Amino acid sequence: MNDQDLRALSGKIIKNAPIGRKSWFGCGGDADMLYLPASVEDLSEFLNLWPLKEPLTVIGGLANTIIRDGGLRGATIQLGKALANITVMGERFIQAGCGANNANVAAAAVKAGIGGLEFLSGIPGSLGGALRMNAGAYGREMKDVLIGVSALDRSGRALRLSREALKMSYRHTDIAEDIIFTGAVLKGHAEDYETVKARMNDIKKKRNDTQPIKEFTGGSTFANPAPDELRRAGLPEGTRAWQVVEMVDGRGLMVGGAQMSEKHCNFMINTGSATAKDLEMLGEELRARARHKFGLTLHWEIKRIGAA
Ligand SMILES: Cc1cc2nc3c(=O)[nH]c(=O)nc-3n(C[C@H](O)[C@H](O)[C@H](O)COP(=O)(O)OP(=O)(O)OC[C@H]3O[C@@H](n4cnc5c(N)ncnc54)[C@H](O)[C@@H]3O)c2cc1C
């Protein structure tokens, strides 16, 4: 893509963008080029112009991602405020751009007397990230509330996909990595404002009590093991990832400036001086311990991207 092409686009280009430092972990490398599209059409145009052979990465709020210290090559796309519109439709539906903050989506639903979306209030990051991760909390996840998405493929072609097409499962959406979600329609139910608000406050309190939300963190480090994995490892049904971390003496464990939180031992934190390498090595140390002690493979829930 040449300078003339870039000038024809209306989005914002930031060269050597310090996205690692702006991630929830507060460390990691820069993006060679960060593109903040001005609209869906503008993003489509960008994708159409960006050569297929060049690297392309999409990020949301970076609440679930370690950017490795060497940073990201090629183009990095982040949907921001320009794609963050939220519209209430009737008594039960919310339509939102995938750059919208989850907390804002939850707040708009509560304000409109729509129940069932308040779990989003405690999930940091953007709607696009929540869709890709099938994010969830307190017994609900995105697949329970999603009607469908609009998206762009790698060449900028617009797509409409139903919830079924995304094949969502525990913290996973089974659709090509290069599909970019641009908007979604979510469904809740009509409910009294005060009742929904009370549930949202309850979520906030539970999070404050149990998670290190004031630290540099990325949420759950490892996904909970599947039932057959637990059976093979000889561990009781329902054993959670944090319990495995506990059983391999992971609570409080440190590598460089990275530490497994004392408050919630499946949350990894940057104590201030961690590099992305420290964080990743800490995770790998725990995976090695779980393999050695139980023959169990812990699966990273946190994405790790970029050059080491
Ligand atoms: C304190 C804390 C608490 C957390 N609690 C929870 C919890 O209870 N439940 C839970 O599920 N998660 C939790 N998380 C993790 C995180 O909030 C979620 O995974 C969230 O959905 C990540 O969204 P994001 O926009 O930050 O995504 P990012 O971290 O930026 O990206 C995550 C993935 O989504 C992809 N992606 C981002 N935007 C798009 C898009 N528009 N189109 C296609 N793909 C896209 C990226 O390529 C990447 O693969 C927590 C995190 C923190 C820091």
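Two residues are in contact if their C-beta atoms, placed from the backbone, lie within 7 Å. By that rule A184 touches A96, C98, L127, L131, L146 and V149, leaving out residues up to four places away in sequence. The model is predicted: local features need pLDDT of at least 70, side-chain atom pairs count only at pLDDT 80 or more, and totals for chains, interfaces and linings use all residues. Residues are numbered from 1 along each chain as its sequence is written.

**Domains**
- An automatic or database assignment divides the chain into domain 1 (3-81), domain 2 (83-207) and domain 3 (212-305).
- The centres of domain 2 and domain 3, taken over C-alpha atoms, are 27 Å apart.

**Nonpolar core**
- A nonpolar core is a set of buried Ala, Val, Leu, Ile, Met, Phe, Trp, Tyr and Cys residues joined through C-beta atoms within 7 Å.
- Buried means that 20 or more other C-beta atoms lie within 10 Å of a residue's own, with C-beta atoms placed from the backbone.
- The largest such core has 83 residues, and V105, L117 and A184 touch the most other members.
- Helix α11 (residues 276-294) gives the most to this core, 6 residues.

**Sheet**
- Helices (H or I, at least four residues) and strands (E, at least two) are DSSP runs, numbered from the N terminus.
- Strands pair if DSSP finds at least two bridges between them.
- An open sheet of 4 strands runs β17-β20-β19-β18, with antiparallel pairing.
- Its edge strands, β17 and β18 (254-255), each pair on one side only.
- Antiparallel β17 and β20 (residues 267-270) are joined by 3 bridges.
- In β20, F267 stands opposite S220.

Notes:
A residue is buried if 20 or more other C-beta atoms lie within 10 Å of its own, exposed if 12 or fewer, and partly exposed in between; C-beta atoms are placed from the backbone.
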